[in-house]
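Please open the model in your viewer and keep the selection panel at hand. The stops below go from a whole chain to helices, rings and backbone details.

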Amino acid sequence: MELTVNRQRHQIDAEAGMPLLWVLRDILGLTGTKYGCGIAQCGACTVHIDGVAVRSCQIALADVGGEVTTIEGLGTPDAPHPVQQAWIDHQVAQCGYCQSGQIMSAAAMLALQGEPDDAQIDRIMSANLCRCATYPRIRAAIHDAARRLATG
Amino acid sequence: MSRAGRIARRGFLVGSVAIAGGVAFGAWRYTRPLPDPFAKGLSPGTDALNPYVLIDASGITLIAPRADKGQGARWIQAALIAEELDIDPAGARIEPGPVSKTYYNTALLQENLPIDPTDTGWLAQTLRAGSDVPARLLGLQITGGSSSVPDGFEKLRSAGAVARETLKQAAAMREGLSRADLRTGDGNVILPDGQRIPYTELAAEAASIVPVQDVVLRAPSQWRILGKPVQRADIVAKSTGTQRYGIDLAFDGMLYASVRAAPAGSSVAKVEAAAAKGMRGVHSIVPIRDGIAVVADNTWRAMQALQAITIDWAFPDLPGDQQAVWDGLTAALDTAQIDSRPREIGDVENALAAGAVIEAEYRVPFLAHAPLEPMNATVRITDSQCEIWTGTQIPDFVVAKVAALTGLGEDSIQVHNQMIGGSFGRRLELDFILQAVQIAQSVPGRPVKMIWSREEDFAHDQPRPAQIARGRGRVANGQIVALDLAIATPSVTASWFGRVWRALPGPDATITAGAGDQPLAIPNYRVTGHRADEVFPVSSWRSVGASGNGFLHGCFLDELFAAADLDPLQGMIDLCSHDVSRRVLNELREISGWTGRAAGQGRGRGVAFCLSFGVPCAQVVDVADTAKGMRITRAFAVADIGTVLDPVNAQAQLSGGMLFGLGHAMNCELTYRDHVPEQTNFHEYQAMRLHQAPEITVRLLENGPLRGLGEPGVPPAAPALANAIFAATGQRIRELPLSRKVRFV
């Protein structure tokens with residue numbers, strides 16, 4: 001099957017039902033996307049398909065109907081995405097394991113929403129679990145990133 | 001005590017040894033009260049030098065042996081060394097270092113336990129004092145008990161200072177100058193004429209001279225890194241998906257595995273695996289002790305095949321339901337036998353007999369650790385060697401247990417400690433590592449990465465134990481006259497030591513920690529610990545005994561303040577017998593604008609205090625009872641950690657600890673049915689999510705001794721919240737989670 005991830009095309013020899021998460025991690029070696037629960041409850045596996053945030057543990061390979069972007073494709077240590085830069089500036093991460101998913105959810109929200117208010121942030125970001133409870137800094141980083149994106 | 005004291009007065013010395021092309025600096029058997037080891041001279045390879053700084057032509061490596069599970073330990077250890085070494089820690093390699101007898105003090109453990117009653121040695125004293133788990137563990141190279149910072153504060157800075165001065169001495173000898181004329185900066189020795197010699201060029205010469213021991217540690221006013229808001233070295237990687245955790249490792253030829261193991265105390269009765277054998281990618285089905293593993297060519301295929309295997313468990317002929325736990329705790333409270341009574345002031349019985357007694361029973365549930373990175377370990381084993389890549393807080397126990405399991409010598413076992421995606425105490429266990437070793441034994445020579453499913457994690461946690469406590473108290477003339485609290489719980493210390501090593505005798509102070517050690521001058525004050533039998537294995541969970549006891553004690557105290565018609569914050573300030581703690585309470589009143597419990601219709605404020613791990617921490621929680629449910633609107637936390645070394649991270653630890661405590665208090669419990677927890681994944685164990693997280697104001701004070709902050713933010717959160725709900729609604733909730741009685745937003 002053909003799969004486009006971070007603008008690169010891949011031929012994938014795998015079961016149609018294999019979740020995108022494990023294709024990314026174990027076949028393509030893109031380990032920035034994390035396994036946390038396997039049932040779309042923690043959000044650690046969040047990626048974008050055509051810009052929309054999805055839980056990659058719940059998307060079968062055969063059902064991927066668009067281009068996939070992972071945390072590695074959003075930005076890099078040398079050229080971070082504005083949302084990643086806000087995460088760096090606010091030192092959001094503690095253990096950091098959920099943060100790829102948090103950042104992917106936030107980036108998709110901001111691309112759609114512009115400058116979200118706290119209620120919108122609550123609604124969208126509550127699907128991403130952080131066991132270290134870095135939430136105050138997540139909220140601050142999202143507001144900061146929204147301002148950066150708005151001023152371009 | 002002067003913070004810039006000369007290290008010669010300390011219980012350790014710092015030396016150096018030559019390594020290939022360079023030099024290693026470190027602490028000399030720092031945990032042991034030894035006479036000056038340099039009288040005998042240092043001979044590399046035979047003496048126990050724990051290296052912290054390695055310098056060769058390729059660069060500078062800082063060794064940070066305490067495991068990093070998100071609390072920032074790796075960075076602060078590097079910063080402590082770098083502060084004195086005069087380098088930018090962000091430019092150095094930071095590694096956890098190997099486990100070996102000379103590196104960690106495994107020998108110390110083996111030589112000193114079990115304790116002889118007449119032994120007055122350091123470890124025996126520590127163990128006997130048994131004040132809490134961290135005290136028992138400090139000498140054993142374990143990460144836990146919020147101990148990394150206080151343990152490393154002088155040791156790591158001294159290693160940096162000795163390295164710096166020895167490098168200066170090497171440069172002085174080369175140039176025919178005096179060491180006093182030289183300076184250092186950014187990894188260079190700087191000559192009087194401004195010429196800079198990189199440390200890497202001086203390493204070989206530094207290895208050949210006697211290390212300079214006569215160093216004075218810099219005063220905080222001279223610090224460049226410590227105490228300043230700096231960017232932690234792992235922040236960029238953790239914001240770009242490039243941080244590698246144990247679960248992310250990959251090796252050529254690596255196989256993948258997953259496991260289903262029997263519930264605690266059970267075993268495998270029957271396995272039907274035919275359907276799994278032919279599934280795509282399945283390499284083999286491997287029986288392990290009390291479980292079954294599937295080895296496959298990727299993780300998902302291993303997990304899929306496991307689901308296709310039918311396993312019948314042989315359950316023990318013992319109770320396996322939650323009710324057995326509550327019954328056991330009640331029975332423990334009803335017996336006259338006590339485990340410990342750390343607080344006994346005045347005459348509680350007489351004081352209670354003099355008037356009306358206020359009585360209450362409190363309960364706290366089992367809680368899962370459930371860090372977000374599922375348990376995993378990668379192992380490659382041959383006839384002569386075993387390599388383990390995993391995140392662990394107890395590397396030396398890993399080595400000992402794997403040696404026993406495999407028959408290999410301890411020197412043949414290497415643990416490569418990995419960055420950890422959360423622990424909260426879970427990585428103090430060995431179960432998953434020993435499983436991975438057994439699986440790897442079935443495919444000698446090939447690396448195997450074993451990953452647990454989240455369901456396996458919930459089914460096989462050793463949780464924070466459930467507890468029941470009974471409080472009795474009396475108030476008179478607007479004062480608390482008596483407080484008597486009896487707490488029943490199984491011993492996490494005995495449970496854990498029994499798994500990782502062997503059971504230790506003596507009372508377990510964690511049974512009363514956070515309740516029996518509080519600095520309150522109540523005239524008749526008694527706290528008693530009753531040890532209940534362990535129905536299910538239990539373990540240390542962030543803040544250990546204080547996690548539950550903070551709630552029991554903090555809520556019952558609030559009941560007594562209410563009965564005496566006292567303001568709870570003023571009441572605690574008036575009762576407080578510890579100056580550092582009183583200043584914490586006063587600061588909390590200041591930053592929270594506290595004027596009392598009342599906060600208007602449907603609103604309330606709660607306050608609680610707990611001194612744990614040497615850190616006094618006090619918190620105020622504000623709630624509003626809204627149409628959508630109870631909402632935490634604001635929260636305030638103050639703690640005193642003596643010296644704030646990493647202000648950005650310290651604030652995160654305090655804020656995160658408080659929210660961790662609030663989330664579990666609201667939403668979480670683990671309940672057992674038929675020998676297994678009923679909660680199987682995060683849909684049934686919500687913890688804290690963003691929409692429930694209030695704005696938090698935190699303040700760190702520096703009046704007490706230097707302490708760590710990974711845990712002390714947790715204990716006051718649950719009682720502050722329950723007390724706030726009482727203030728808002730008049731309802732006393734005496735069991736957790738609060739969601740049993742209250743609907744939260």
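Begin by selecting chain B, where 63% of the 745 residues count as buried, buried meaning under 20% relative accessible area, exposed over 50% and partly exposed in between (1.4 Å probe, protein chains only). This is a predicted model, in which local features need pLDDT of at least 70 and side-chain atom pairs count only at pLDDT 80 or more, while totals for chains, interfaces and linings use all residues. Residues are numbered from 1 along each chain as its sequence is written, chains are lettered from A and ligands numbered from 1 in the order in which they are written, and side-chain values use heavy atoms, with hydrogens and water left out.

Among the contacts in chain B with a separation of 6 or more, 76% are between residues 24 or more positions apart, a contact meaning heavy atoms within 4.5 Å.

**Two covered helices**

Select helix 9 (residues 299-307) of chain B next, which is mostly covered, with 7 of its 9 residues buried. Those buried residues are B:Thr299, B:Trp300, B:Arg301, B:Ala302, B:Met303, B:Ala305 and B:Leu306. What do the buried residues of helix 9 of chain B pack against? Their partners include helix 1 (20-27) of chain A, together with elements of chain B such as strand 9 (255-261) and helix 8 (274-277).

Now move across to helix 1 of chain A, where 7 of the 8 residues are buried, namely A:Leu20, A:Leu21, A:Trp22, A:Val23, A:Leu24, A:Arg25 and A:Asp26. These buried residues pack against strand 1 (2-5), strand 3 (46-49) and strand 5 (68-69) of chain A, and also against strand 9 and helix 9 of chain B. Just after helix 1 of chain A, look for A:Gly29, which takes a positive phi of about 70°.

**A helix pair in chain A**

Staying in chain A, select helix 5 (residues 118-125) and helix 6 (residues 135-151), which pack at an angle of about 120° with their axes 11 Å apart; the axes are lines fitted to C-alpha atoms, for helices over the stretch in contact, and angles run from 0 to 180 degrees between N-to-C directions. Helix 5 of chain A is therefore oblique to helix 6 of chain A, on a scale where angles under 35 degrees count as roughly parallel, over 145 as roughly antiparallel, 65 to 115 as roughly perpendicular and the rest as oblique. To see the contact itself, show A:Asp118, A:Ile121, A:Asp122 and A:Met125 of helix 5 of chain A with A:Ile138, A:Arg139, A:Ile142 and A:His143 of helix 6 of chain A.

**Aromatic rings**

How many aromatic pairs does a search of the whole structure find over all chains? The search finds 15, where rings of Phe, Tyr and Trp (its six-membered ring) pair if their centres lie within 6.5 Å, and planes under 30 degrees apart count as stacked, over 60 as edge-to-face and the rest as tilted. One of them is the edge-to-face pair of B:Phe397 and B:Trp496, at 5.8 Å centre to centre and 80° between the planes. This pair links distant parts of the chain, with B:Phe397 in helix 12 (residues 395-406) and B:Trp496 in helix 15 (residues 492-500) of chain B, 99 residues apart. Both B:Phe397 and B:Trp496 are buried.

Then select B:Trp541 and B:Phe660, a tilted pair at 5.0 Å centre to centre with 35° between the planes. Here B:Trp541 lies in the loop between strand 22 (524-531) and helix 16 (545-563) of chain B, and B:Phe660 in helix 19 (residues 647-667) of chain B, 119 residues apart. The charged end of B:Arg464 sits over the ring of B:Trp541, 5.4 Å from its centre; this description requires NZ of Lys or CZ of Arg within 6 Å of the ring centre and within 35 degrees of the ring normal.

**Backbone details**

Most residues other than glycine have a negative phi, and most peptide bonds are trans. Select B:Phe424, whose phi is positive, near 60°, in the loop between strand 18 (413-417) and helix 13 (431-441) of chain B. Is B:Phe424 buried or exposed? With a relative accessible area of 10%, B:Phe424 is buried. B:Asp674 also has a positive phi, of about 50°, but at 49% relative accessibility B:Asp674 counts as partly exposed.

Finish at B:Leu736 and B:Pro737, which are joined by a cis peptide bond with omega of about -5°; B:Pro737 is found in the segment after helix 20 (717-729) of chain B.

Definitions and conventions: Helices (H or I, at least four residues) and strands (E, at least two) are DSSP runs, numbered from the N terminus.
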